[in-house]
Amino acid sequence: MSYLVLARKWRPQTFRDLIGQEHVSQTLQNAITSGRVAHAFLFTGARGVGKTSSARILAKALTCEQGPTIEPCNACPACQEITNGTSVDVFEIDGASNTSVDDIRELREGIKYLPSRLRYKIFIIDEVHMLSTNAFNALLKTLEEPPPHVKFIFATTEPHKIPITILSRCQRFDFRRISLAKLLERLRHIVDSEGVAISDEALAVIARKGDGSMRDSLSILDQVLAFCSTTVSDEDVTSLLGVVDRRLLHDAAQAVIGRDTAAALDIARRVDTVGYSMRQFCQEMIGYFRGLAIVLAVPDPASLLDISESELQELRELAATAPLDDVQRHLTILLKADTEMTQTAFPRLVLELALLKMARLAPVVPAQLLIERLKTLESGGGGTVASPAPRWESAPRPVPRQPEPQSQKQQPASRENAQVQPSSTKTVSTIDWPTFVEFVKGRRVGIAALLEHGSPLTVSPEHLKIAFPPGSFYLTSLQDPENLAALKTMAREFLGHEPTIQIIPLAAGSTAAPPNLLEKKKCDEARELSELKCDVRQNQLVEGVLETFNGEIAGIRKLS
Amino acid sequence: MSFSGVVGQDSAVTVLERSLAAHRVAHAYLFTGIEGCGKRTTALAFIEAIFCGRAEGCGSCPSCRKMASGQHPDLHLVEPDGAFIKIDQIRELQRQLALRPYEAPRKGCIIEAADRLHPAAANALLKTLEEPPGNAVLILLSPNPAGVLPTIISRCQQLRFASLPQETVERLVLAGGVEQEAARVAASLSEGSMAKALEIVNGAALEERARFIETVCSLSVNDAGRIFAFSEAFDKQKDKAAGMLDMLQSFLRDVLLRLGGSPEIVNCDLAPLVEQVAGHNSLDEVMGKIGTVTTMQQALQRNVNPRLAMETLVMRLANT
């Protein structure tokens, strides 16, 4: 006999062995003792929680030679035949392979004949959600009033795909995911019986990875045993299962919260080098940020998080630098990346994009503050709105964390704050030309593009005088009344009051006019380059090289 | 083909070897790892070892020789027929597995690209995968385990295959008699996939790629004529479309890394162009462009009109 995997070897054969589903086994056993056994059952639940096993146990319990009993004996021929899958009266049908209406018709043909040996004829249809609509409908009449010797047991992971007409004819049992403690108990029982030495921690890692599914846990345990045979060390388990190092998660979160793009990209590289699966890393990141969110939102997070005290402390320290709103937005990005990874052949890129996005997240401006600003704008003449765009360059910045208006008392205080701000900016006597153009760009890109070509002759809150090359497209466009009106409106929005705006042609040959923005940008770049050149020339190393090779500097390029 | 023919997958091979030695061979495996990192080779070696009975697979007995020439009667291969593995293929497999093995101790089956199992086919496989008749061994291969049904994964022992280190790929490509420079570029572009590296060094893929990327980068919205001409040319080589988009994405990723402050660049032969594009675009713009390419890739899988899609893509990517 060849090797049988643990999940099959340890498939529960009695209701007692079936762990984590006491609500199901209790109900079924009571039904058997009171003689109220329904003729159709539907078992639903996640993978590997015991649906097929329960179906077989129920079949055995009903047909066992010891009479319908609450625990099958597993010794009589009837029980053994069912266990081996050779029984002539218990039909285990693969619903996903036999999906058509013809398959169901064939089943109905045979249904009227009495069972050949056992008490009942039992049809177990596994993966029943794959039956076609016609097949389901062909089953309806039979399912409603089957002959007394027939029982149906359906099992599926996807009950939502089953028509309601079928659902209403069945007794439905929802199988739960198995809790970590119960998984551990069962795993411990199995490894002890198999004579394997393994620590509780390693078992916990396996059970956690199994994610509430007994079969998943056992598949993983099998793999571990195949690798380590009878003595399992903790390191083997973590390396074999690719458990992501908590250090790496911490570094990643820190890089993201610290807005360090280079470090964030380095994390992706490290994940790749160590050979973790990108998706798994992403999911563990989700778990980590969930931890952060819980630490921020709940006064006593220990009850919700299954982590050690030192790890909790680490989360607390990190949480102190990140507001809850940001953590939630990080989570949104990660969750989106997780779904994207299911579709891409290049998961590393998805991870890198997500990390970059997170590291460049603009800070949240509290809605309260925005409303205040809006009110000031609406009231008109209330002053300018200072710094319209939040800045994110500064590393761990003091976030304008406005406390949620928990009570009415706090409201006036924050309003006062908001009002002080604009009035203080009102005293500023000059406006910054580039900032204004940037502001215009946010509303009307076209006009901003025109303005970029203009030389600002006078720029003050009361008066704007901008010159353009005579006869140019920019001049005529801006002199167009519609554009001029739009510009005026925007200037009013920006300043709080309407300045006089003059668009004039640039006097020919005038060199006194200030450079327009484009020229200025070019100038700045040129200046930077010349400064660089200067620096390079002064560099001793370069000097040495120039001297030795009798060379000259052909060009300078910035690397970063 | 024995385990010694598998390069750079020591951990996965160790797991398999030990399970052979401990007689703990499971009936279902899922090998995951990028395309061309040795999953198939390992699966064949593993089945050869099982058929042969000696630890490694001797390579000289009739069974091993039949495996080597790919005509062993007890080995069943399932590959996607078109875009999917269809339910009929799975039914045929089930019929085959129901028969006794012809000469080997048990039947072996390799299902490639398990993420491309049609949902109906995947469900049809579930019962077989849980309790295969006649203790057959089923090995599923998939570059993208996220696309595999969780009910399938739960029934398999999952083995992760790491992508090959760049040096290993370079060494292997060099051993195939390729110039040093080409081998280096191919290795860095391969992302650890031997199959991809070989595809790159064979044929004029490298120059074609450079030309393609340069053209895309030089296109401008102001010159719509060229955009349309380019898309038309693209339409004529539909079969290469997916590959080219991958290249473009890898190039844009370099730009992204460059802007994000990471020193690693995959397209080292195109470094000046990466610099240039990085100088013209902000990080957010590049992220947007990568998103556009991803959308296009997904659209191509759904049978859109490639020319229209390409036109849209290039217009979005073009310099304004």
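**Note on the predicted two-chain model**

1. Chain B contains 15 helices and five strands, as assigned in what is a predicted model. Of the 320 residues in chain B, 48% are buried. When contacts in chain B between residues at least 6 apart in sequence are considered, 72% of them join residues at least 24 apart.

2. Within chain A, helix α14 (residues 278–297) and helix α15 (residues 309–319) have axes that come within 9 Å and cross at roughly 75°. Because angles of 65 to 115 degrees count as roughly perpendicular, α14(A) is described as roughly perpendicular to α15(A).

3. On the α14(A) side, this helix contact is made by A:Gly291, A:Leu292, A:Val295 and A:Leu296, while α15(A) contributes A:Leu315, A:Arg316, A:Leu318 and A:Ala319. Sorted by class, the contact of α14(A) with α15(A) has six nonpolar residues, one polar residue and one charged residue.

4. Turning to the interface between the chains, 43 residues of chain A are in contact with 42 residues of chain B. On the side of chain A that touches chain B, the elements giving two or more residues are α10 (214–228), α13 (261–274) and α17 (347–359) of chain A, and the largest share, eight residues, comes from α10(A).

5. How do the residues of the side of chain A that touches chain B divide into nonpolar, polar and charged, and what number falls in each class? On that side of chain A, 15 residues are nonpolar, 15 are polar and 13 are charged.

Notes
Residues are numbered from 1 along each chain as its sequence is written. Chains are lettered from A and ligands numbered from 1 in the order in which they are written. This is a predicted model: local features need pLDDT of at least 70, side-chain atom pairs count only at pLDDT 80 or more; totals for chains, interfaces and linings use all residues. Axes are lines fitted to C-alpha atoms, for helices over the stretch in contact, and angles run from 0 to 180 degrees between N-to-C directions. Helices (H or I, at least four residues) and strands (E, at least two) are DSSP runs, numbered from the N terminus. Angles under 35 degrees count as roughly parallel, over 145 as roughly antiparallel, 65 to 115 as roughly perpendicular and the rest as oblique. Two residues are in contact if their C-beta atoms, placed from the backbone, lie within 7 Å. Ala, Val, Leu, Ile, Met, Phe, Trp, Tyr, Cys and Pro count as nonpolar, Asp, Glu, Lys and Arg as charged, and the others, Gly among them, as polar. A residue is buried if 20 or more other C-beta atoms lie within 10 Å of its own, exposed if 12 or fewer, and partly exposed in between; C-beta atoms are placed from the backbone.
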